Amino acid sequence: MKHPNFGLAAVSASQPTMSRLAAPLILVLALCAFGGARAAIEQVDREFVPFVSVVQTGTAVSFPNRDAILHHVYSFSPAKTFEIKLYTGKSPGEIVFDKPGVVNIGCNIHDWMVAYILVVSTPYFAKTNDAGAARLRDLPAGAYELRVWHPRQNATPENRSLVLESSAAPMVTFAVDVQPRKARYKPPLDRLKY
Ligand SMILES: [Cu+2]
């Protein structure tokens, strides 16, 4: 099913572009791996924030719990399987995402809590803003492959080949067929602080 309202994302080395999406798209230019970065996915008001992250392989991600109740963070995804058992406050440790792929994050206590991490083996990536636009900066001239990913895409969008000249600032537009994000029921905080 086509959703023209959410259709477009773009990448540009110098010009922002406008388009609309219901959730962030990830733009990736495939190149060699280089890691060592850090990122965080917080738990706030019994939700993961942000909903979608993109990190390079080798990135260490912490999961600080800003709520006064316990969360239990896990992933069964082949790209990274892990579990951080019941905790609150500071992340008991960091998880290093060492393989490219999509990692679905959940909470064992709160079924509605969902987040996605796209792990990529390139330093050149970006997440689109609310307008569906993203910008990749400081790319050396050369030949690239541009990939797009959306957590609710109906099919994998086709990759694009891109040759960058030193002064060029190309704008690339993608139309992605996605399903709207479904609202999941989140009960009010009860006396047991569920
Ligand atoms: Cu939870």
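Visitor: Which residues does I117 touch, not counting residues up to four places away in sequence?

Guide: I117 touches S53, V55, V61, F97, V103 and I105. Two residues are in contact if their C-beta atoms, placed from the backbone, lie within 7 Å.

Visitor: What kind of model is this, and how are its residues numbered?

Guide: This is a predicted model, where local features need pLDDT of at least 70 and side-chain atom pairs count only at pLDDT 80 or more, while totals for chains, interfaces and linings use all residues. Residues are numbered from 1 along each chain as its sequence is written.

Visitor: How many helices and strands does the protein have?

Guide: There are zero helices and 17 strands. Both are DSSP runs numbered from the N terminus: helices are H or I with at least four residues, strands are E with at least two.

Visitor: What makes E83 exposed or buried?

Guide: A residue is buried if 20 or more other C-beta atoms lie within 10 Å of its own, exposed if 12 or fewer, and partly exposed in between, with C-beta atoms placed from the backbone. E83 has 11 other C-beta atoms within 10 Å, so E83 is exposed. You will find E83 in strand 9 (residues 80–87). Across the protein, buried residues make up 28% of the 194 residues.

Visitor: Why is strand 6 described as largely enclosed?

Guide: Five of the five residues of strand 6 (residues 52–56) are buried, so the rest of the structure largely encloses this strand. In a regular strand, side chains alternate between the two faces of the sheet. Both faces of strand 6 are covered, with V52, V54 and Q56 buried on one side and S53 and V55 buried on the other.

Visitor: What makes strand 6 and strand 12 a pair?

Guide: Two strands pair if DSSP finds at least two bridges between them. Five bridges join strand 6 to strand 12 (residues 114–120), so by the definition they pair, and they run parallel. Within this pairing, V54 stands opposite L118 in strand 12.

Visitor: Which residues have the most contacts inside the largest nonpolar core?

Guide: They are V61, F97, I105, I117, L118 and V119, in a core of 26 residues. A nonpolar core is a set of buried Ala, Val, Leu, Ile, Met, Phe, Trp, Tyr and Cys residues joined through C-beta atoms within 7 Å. Strand 12 gives the largest share of this core, six residues.

Visitor: Where is the cis peptide bond, and what is its omega?

Guide: The cis bond joins V49 and P50, with omega about 5°. P50 sits in the loop between strand 5 (47–49) and strand 6.

Visitor: What is worth noting about the phi of D45?

Guide: Most residues other than glycine have a negative phi, and most peptide bonds are trans. Phi of D45 is near 55°, a positive value in a residue other than glycine. D45 lies in the loop between strand 4 (42–44) and strand 5.
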